Amino acid sequence: MPEAAAIETPVPIGLRARGVTVTYRNGLTALNDASFEIPQGSITALVGVNGAGKSTLFKAIMGFVPVAKGEIEVMGGTVAAALKANKIAYVPQNEEVDWSFPVLVEDVVMMGRYGHMGLLRIPSAKDRQAVQEALARVGMAEFRTRQIGELSGGQRKRVFLARALAQNGQVILLDEPFTGVDVQTEEAIIALLRDLRDEGRVMLVSTHNLGSVPEFCDRTILMKGTVLGYGPTETTFTQANLERAFGGVLRHFVLEGADLHDDDDARKVMIFTDDERPLVTYDEKTRTLTSPDEGDTR
Ligand SMILES: Nc1ncnc2c1ncn2[C@@H]1O[C@H](COP(=O)(O)OP(=O)(O)OP(=O)(O)O)[C@@H](O)[C@H]1O
């Protein structure tokens with residue numbers, strides 16, 4: 001009997017963009033001919049300077065802005081089909097949310113169930129159970145009846161993650177998930193994202209916290225008005241590509257947690273521009289990489 005050849009099953013594509021161009025009503029083309037693919041069951045970092053088009057890409061994936069040219073495929077179907085099936089979930093930046101709005105934690109998470117409810121939005125037992133499970137999964141069950149305005153930055157982030165879980169989003173877009181979050185919460189979020197990856201979901205994470213990218217993102221998309229490069233982090237998150245994305249000269253590159261006082265530590269972080277101005281600097285105390293003109297990115 002001849003030996004059976006190993007059959008490799010290709011991992012299905014979770015998210016694909018082909019030549020996507022987005023032009024805002026004022027005529028500005030924020031995204032030009034952007035293409036990439038992400039397999040299901042992956043965590044992908046979306047990296048680029050301010051204004052590189054990361055949020056615009058999110059908006060295009062969520063159907064908030066029209067795609068002038070090209071196409072986006074979500075879990076094998078169109079954006080419209082994915083939205084109808086509640087497959088796309090969004091975890092906003094804390095600044096995007098009006099925290100003074102009087103709403104309870106469980107109500108925010110219940111919003112994730114709206115797409116699964118009828119027109120009158122009367123929650124069923126199943127909806128309530130999904131909310132409870134989602135809150136438990138992010139460690140916020142005991143905050144169920146708290147006002148969202150009373151929560152810390154990290155807790156707020158967890159509530160919106162719980163909303164995405166209650167929605168059962170298959171593609172989860174996270175905008176700066178580690179801004180305003182303490183190290184423990186960051187670790188808890190990363191652990192959760194890894195579990196979600198193992199369930200086959202697609203996480204796309206927009207982040208200025210470059211130091212954590214190689215640690216937890218298996219893929220990277222580098223953006224600058226278009227997609228400069230994409231692929232596995234080992235081959236994409238490279239000095240040459242980062243220099244293209246940030247427009248400077250990378251002198252040293254290190255991962256989070258490096259000891260800046262140790263000259264021999266090869267894992268140091270310091271990215272300089274052409275005129276020797278630090279473009280991205282590393283704060284050892286907060287373990288944060290900071291991009292220019294932004295202050296603390298956490
Ligand atoms: N509604 C809008 N109308 C017109 N131009 C816009 C609009 N939203 C964003 N832009 C512009 O599109 C470009 C890309 O912006 P976008 O918000 O996608 O960048 P980003 O990479 O998300 O930046 P950041 O890291 O600061 O969040 C910028 O030049 C921005 O000024």
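Mentor: Start with one rule: two strands count as paired if DSSP finds at least two bridges between them. Keep in mind that this is a predicted model.

Trainee: Which order do the strands of the open sheet have?

Mentor: Read across the sheet, from one side to the other. The order is β6-β7-β8-β3-β9-β10. That makes 6 strands, with mixed pairing.

Trainee: Which strands are the edge strands?

Mentor: An edge strand pairs on one side only. Here these are β6, residues 88-91, and β10, residues 227-232. Neighbouring strands are turned by 15 degrees against each other on average, with direction ignored.

Trainee: In what sense do β3 and β9 pair?

Mentor: Check the sense, then count the bridges. Strand β3 covers residues 42-47 and β9 covers residues 219-223. Their pairing is parallel, over 4 bridges. Follow single residues next. A45 has T220 of β9 as its bridge partner, and V47 stands opposite L222.

Trainee: In what sense do β9 and β10 pair?

Mentor: That pairing is antiparallel, over 5 bridges.

Trainee: Why is β9 called largely enclosed by the rest of the structure?

Mentor: Burial is judged by counting neighbours. A residue is buried if 20 or more other C-beta atoms lie within 10 Å of its own. In β9, 5 of the 5 residues are buried, so the strand is largely enclosed by the rest of the structure.

Trainee: Which strands does helix α9 touch?

Mentor: Helix α9, residues 239-246, packs on the sheet and touches β3, β9 and β10. Its direction makes about 150 degrees with that of β10.

Trainee: Which strands does helix α5 lie across?

Mentor: Helix α5, residues 153-167, lies across β6 and β7. It runs at about 170 degrees to β6.

Trainee: Where do I look for the nonpolar core, and which residues touch the most other members?

Mentor: The largest nonpolar core has 69 residues. V109, A134, A162, V171, I172, L173 and M203 touch the most other members. Helix α5 gives the most to this core, with 7 residues. Leaving aside neighbours within four places in sequence, M203 is in contact with I43, T44, I172, L174, L193, L196 and R197.

Trainee: Which residues surround the ligand?

Mentor: Walk along the chain and list them. They are Y24, N26, L28, A30, G48, N50, G51, A52, G53, K54, S55 and T56. Sort them by class: 4 are nonpolar, 7 polar and 1 charged.

Trainee: Which helix gives the most to that shell?

Mentor: That is α1, residues 54-61, with 3 residues. Helix α1 is mostly covered, as 8 of its 8 residues are buried. Among them are K54, S55 and T56. Just after α1, G63 takes a positive phi of about 75 degrees.

Trainee: How do I read directions along a helix?

Mentor: An α-helix has 3.6 residues a turn, so residues three or four places apart point the same way.

Trainee: Is A125 buried or exposed?

Mentor: Count its neighbours. A125 has 7 C-beta neighbours inside 10 Å, so A125 counts as exposed. A125 lies in helix α4, residues 125-137. Compare sequence with space: A125 and L222 are 97 residues apart in sequence, and 43 Å apart from C-alpha to C-alpha.

Trainee: How many helices and strands does the whole chain have?

Mentor: The chain has 9 helices and 14 strands. Buried residues make up 40% of its 298 residues. Finish with the contacts between residues at least 6 apart in sequence: 63% of these join residues at least 24 apart.

Note on methods:
Residues are numbered from 1 along each chain as its sequence is written. This is a predicted model: local features need pLDDT of at least 70, side-chain atom pairs count only at pLDDT 80 or more; totals for chains, interfaces and linings use all residues. Helices (H or I, at least four residues) and strands (E, at least two) are DSSP runs, numbered from the N terminus. Axes are lines fitted to C-alpha atoms, for helices over the stretch in contact, and angles run from 0 to 180 degrees between N-to-C directions. Two residues are in contact if their C-beta atoms, placed from the backbone, lie within 7 Å. A residue is near a molecule or strand if its C-beta atom, placed from the backbone, lies within 6 Å of it. Ala, Val, Leu, Ile, Met, Phe, Trp, Tyr, Cys and Pro count as nonpolar, Asp, Glu, Lys and Arg as charged, and the others, Gly among them, as polar. A residue is buried if 20 or more other C-beta atoms lie within 10 Å of its own, exposed if 12 or fewer, and partly exposed in between; C-beta atoms are placed from the backbone. A nonpolar core is a set of buried Ala, Val, Leu, Ile, Met, Phe, Trp, Tyr and Cys residues joined through C-beta atoms within 7 Å.
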